[in-house]
Amino acid sequence: MAVTHFLAIFTSDKTGPKWREWYGLSPAEQVRRDEAGLNAIAAWEAAHRDSIVYGGGALGPTKRIDDSGAVTDVVNLLTVFLVVRADSPEAACRLLEHHPHITHFVCDGVEVMPVLGGEAAERAEDG
């Protein structure tokens with residue numbers, strides 16, 4: 001079976017220039033950009049509905065447990081995720097190239113990886 005489902009994880013450096021710009025905006029401008037961005041996401045999702053396997057969502061504060069059982073708060077680049085259907089990893093990347101999370105919000109990239117085998121891939125096939 002060919003891999004056709006890809007996990008897309010939008011990344012954002014919370015100390016980077018996009019966040020610095022965001023925090024420099026007035027509250028009113030942040031609201032305006034949020035509204036425009038959410039409208040753009042809805043339009044993107046409507047235009048690509050056949051390629052979306054799972055709509056995913058925003059990722060919140062992260063905890064990490066290590067092999068000793070210690071739980072800590074961590075900051076990473078992971079911001080938003082979704083699962084898409086495409087013919088290849090490159091096609092999945094191109095599908096996400098101008099996604100509103102990058103063009104309207106503070107994400108600075110998307111990491112794309114195949115969903116390989118197992119129950120998740122089977123559920124995606126049924127989706």
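The chain has five helices and six strands, where helices (H or I, at least four residues) and strands (E, at least two) are DSSP runs, numbered from the N terminus. Along the sequence they follow the pattern β-α-α-β-β-β-β-α-α-β-α. This is a predicted model, in which local features need pLDDT of at least 70 and side-chain atom pairs count only at pLDDT 80 or more, while totals for chains, interfaces and linings use all residues. Residues are numbered from 1 along each chain as its sequence is written, and side-chain values use heavy atoms, with hydrogens and water left out.

**The chain as a whole**

- Taken along the principal axes, the C-alpha atoms fill a box of roughly 50 × 45 × 20 Å.
- Of the 127 residues in the chain, 29% are buried; buried means under 20% relative accessible area, exposed over 50%, and partly exposed in between (1.4 Å probe, protein chains only).
- Contact means heavy atoms within 4.5 Å. Among contacts between residues at least 6 apart in sequence, 74% join residues at least 24 apart.

**The sheet**

- Four strands make an open sheet in the order S2-S5-S1-S6, with antiparallel pairing. Two strands pair if DSSP finds at least two bridges between them.
- S2 and S6 are the edge strands, since each pairs on one side only.
- From one strand to the next, the twist averages 20°. Axes here are lines fitted to C-alpha atoms, for helices over the stretch in contact, and angles run from 0 to 180 degrees between N-to-C directions.
- Helix H3 packs on the sheet and touches S1, S5 and S6; the direction of H3 makes about 150° with that of S6.
- S1 and S6 run antiparallel and are joined by six bridges. Phe 10 stands opposite Val 110 in S6.

**The hairpin**

- S3 and S4 form a hairpin with five residues between them, and Gly 69 in the turn has a positive phi of about 95°.
- Four bridges link S3 to S4 (residues 71-74), and the two run antiparallel. Arg 64 stands opposite Thr 72 in S4.
- Gly 60 sits in the loop between S2 (52-58) and S3 (62-65). Gly 60 counts as partly exposed because its relative accessibility is 46%.
- From C-alpha to C-alpha, Gly 60 is 17 Å from Val 110 in space, and the two are 50 residues apart in sequence.

- In soluble globular proteins, nonpolar side chains tend to be buried together.
- The largest nonpolar core here has 13 residues, and those touching the most other members are Phe 6, Phe 10, Trp 44, Leu 82, Val 84, Ala 92 and Leu 96. Such a core is a set of buried Ala, Val, Leu, Ile, Met, Phe, Trp, Tyr and Cys residues joined through side-chain atoms within 4.5 Å.
- Strand S1 (5-11), strand S5 (78-85) and helix H3 (89-96) each give two or more residues to this core.
- Not counting residues up to four places away in sequence, Val 84 touches several residues, including Phe 6, Val 53, Ala 92 and Leu 96.
- H3 has Ala 92, Leu 95 and Leu 96 as its buried residues. They lie on the same side of H3 because they cover an arc of only 90° around the axis, the arc being that of the directions from the helix axis to the C-beta atoms.
- Glu 90 and Arg 94 are exposed on the other side of H3.
- The cover over the buried residues of H3 includes S1, helix H2 (27-47), S5, helix H4 (100-103) and strand S6 (109-114).

- Ser 12 lies in the loop between S1 and helix H1 (17-24) and counts as buried, at 1% relative accessibility. A polar contact of 2.6 Å joins the side chains of Ser 12 and Trp 19. Polar contacts are pairs of N or O atoms within 3.5 Å; within protein, one must be able to donate a hydrogen and the other to accept it, and residues adjacent in sequence count only if both atoms are side-chain atoms. A polar atom of the Ser 12 side chain also lies 3.0 Å from the backbone oxygen of Val 106.
- Ser 88 is in the loop between S5 and H3, and is partly exposed at 22% relative accessibility. Its side chain reaches the backbone nitrogen of Ala 91 at 3.0 Å.
- His 101 belongs to helix H4 and counts as buried, at 15% relative accessibility. Leaving aside neighbours within four places in sequence, His 101 is in contact with Phe 10, Ile 41, Val 80, Val 106 and Cys 107.
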